[in-house]
Amino acid sequence: MSTVSDETRAPAVTGVIGRRRWLFPSALLHEIDPDAGRSGRPRRTARDWIVDLTCFLLAAAIGLAAADTLNNDPHTPHALAVLDQLLGVLACVAVWLRRRWPTGLAIAMIPVGFLSDTAGGAATIALFTLAVHRPFRYVAWIGGVQLALVPLFYLLRPDPDLPYAGIVAFAELLTVTVIGWGMFVRSKRQLMLSLRDRARRAETEARLRAEQAQRLAREAIAREMHDVLAHRLTLLSVHAGALEFRPDAPREEIARAAGVIRESAHEALQDLREIIGVLRAGEPDEAGRPQPTLAALDALVAESREAGMKVTLDSRVTDPAAVPASVGRTAYRIAQEALTNARKHAPGAEVTVTVTGVYGDGLTMTVHNPPPEGEVPSVPGSGQGLIGLTERATLAGGRLTHGAQGDGGFLVRAWLPWG
């Protein structure tokens, strides 16, 4: 059975219940409908009243037929016939209690049915109700006792019209048929309940999958926004801070800082425009700027040097052109975020970027910066960048570690699969 059918079955069942509640048994409705389950013991539906009235009339008809046979039997004492019919009337009235106490009624009908011939119809209905509403172990014990008492009953009270073997075989077959019919009805109800449970589980799983997909999409968007914009905005912040604290700087230096600010703002706007375009279109824009790869590390280092950082790049990759684009892009984003963090938290420190890799062994990148010289003003940050880098490396099949070193510096180390 497909997941789609499971997901659409629960609303369909609820709609059918809302329109045709009277068609369902109260016990089944109590299990299927969550609202009905809060009201305690289920109340009879219109279907229940019709079925109960039919069972009562059937038990009464069987009792009347047995009473007529009993009254015409000259071997039965009058007092015994009166007692038999009185028990039969009480048994027929007790049929209305079969839904509330199916087990108790079936047990009570064992001695009543053994003493009263006119209570046979009520005893049969009680056994059928037990098979519908209770597990098989109850039916096996009570039904087994009734089957064992059938030969003894007709031995003590033989039928005047049928031979002993024939009436015993007929009664045994009728009892087994009633038990089988009741178990069949119960199995159909259990099947409907199991389908209901499967539909609810499918709905829950679909909702969890949708929530997980939304969460992963939000994380991917947040990671991309942070990786793309944090570097540009940090450059802009550094140079704007330099202009703020050194208003008497040489004219050439002020012009260079203003140019970097303008270029960084332009690049940040361009990156933001591309991300928004991807979000609106739902797929990457093929006409946009190409994504950075491992070859763009030189340009990233040069850009950081122009911003006043001391950066040393040590690249020892055997064949940089053979590195997959996804692996190279992940390595670029790791270096970009690590340089951004070093610029914010260790200004003036010389940063070393080392990249090594051989096809089959993977690509290893380390970004290390020594402790800053002097006091560094507190820079706001929540650490989301390093969290995003760890997630990005994990999604690429690699791993990333980061932390402070013994000399007070900071090290970011990543390994990415290659080959």
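Student: Which strands does helix α10 lie across?
Tutor: Helix α10 (residues 297-306) lies across β1, β2 (350-358) and β3 (362-369), and runs at about 170 degrees to β1. Helices (H or I, at least four residues) and strands (E, at least two) are DSSP runs, numbered from the N terminus. Angles run from 0 to 180 degrees between N-to-C directions, with axes as lines fitted to C-alpha atoms, for helices over the stretch in contact.

Student: And which strands does α11 touch?
Tutor: Helix α11 (residues 325-345) packs on the sheet and touches β1, β2, β3, β4 and β5. The direction of α11 makes about 5 degrees with that of β3. Contact means heavy atoms within 4.5 Å.

Student: Before we go on, what are the ground rules here?
Tutor: This is a predicted model, where local features need pLDDT of at least 70 and side-chain atom pairs count only at pLDDT 80 or more, while totals for chains, interfaces and linings use all residues. Residues are numbered from 1 along each chain as its sequence is written, and side-chain values use heavy atoms, with hydrogens and water left out.

Student: OK, what's the strand order in the sheet?
Tutor: The five strands go β1-β2-β3-β5-β4 in an open sheet with mixed pairing. Two strands pair if DSSP finds at least two bridges between them.

Student: Why is one side of β1 and of β4 left without a neighbour?
Tutor: β1 (310-317) and β4 (399-404) stand at the edges with a single partner strand each, so one side of each has no neighbour in the sheet. Neighbouring strands are turned by 10 degrees against each other on average, direction ignored.

Student: How many bridges between β4 and β5?
Tutor: Six, with β4 and β5 (residues 410-416) pairing in the antiparallel sense. A404 has F410 as its bridge partner in β5, and T401 stands opposite R413. The hairpin of these strands has five residues between them, and G408 takes a positive phi near 95 degrees there.

Student: Switching to the core: which residues touch the most other members?
Tutor: In the largest nonpolar core, of 30 residues, they are L294, L297, V355, L363 and M365. Such a core is a set of buried Ala, Val, Leu, Ile, Met, Phe, Trp, Tyr and Cys residues joined through side-chain atoms within 4.5 Å. Buried means under 20% relative accessible area, exposed over 50%, partly exposed in between (1.4 Å probe, protein chains only).

Student: Which element gives the most to that core?
Tutor: α11 does, with eight residues. As for M365, the residues it touches include L297, A331, I334, V355 and V412, not counting residues up to four places away in sequence.

Student: Where else is there a core?
Tutor: A second, separate core of 13 residues includes C55, A91, I125 and A126. C55 counts as buried because its relative accessibility is 12%, and C92 is buried too, at 8%.

Student: How many disulfides?
Tutor: The count comes to zero, where a disulfide is a pair of cysteine sulfur atoms within 2.5 Å.

Student: Is α6 largely enclosed or left out in the open?
Tutor: Twelve of the 14 residues of α6 are buried, so the rest of the structure largely encloses this helix. Among the buried ones are G121, I125, F128 and H133.
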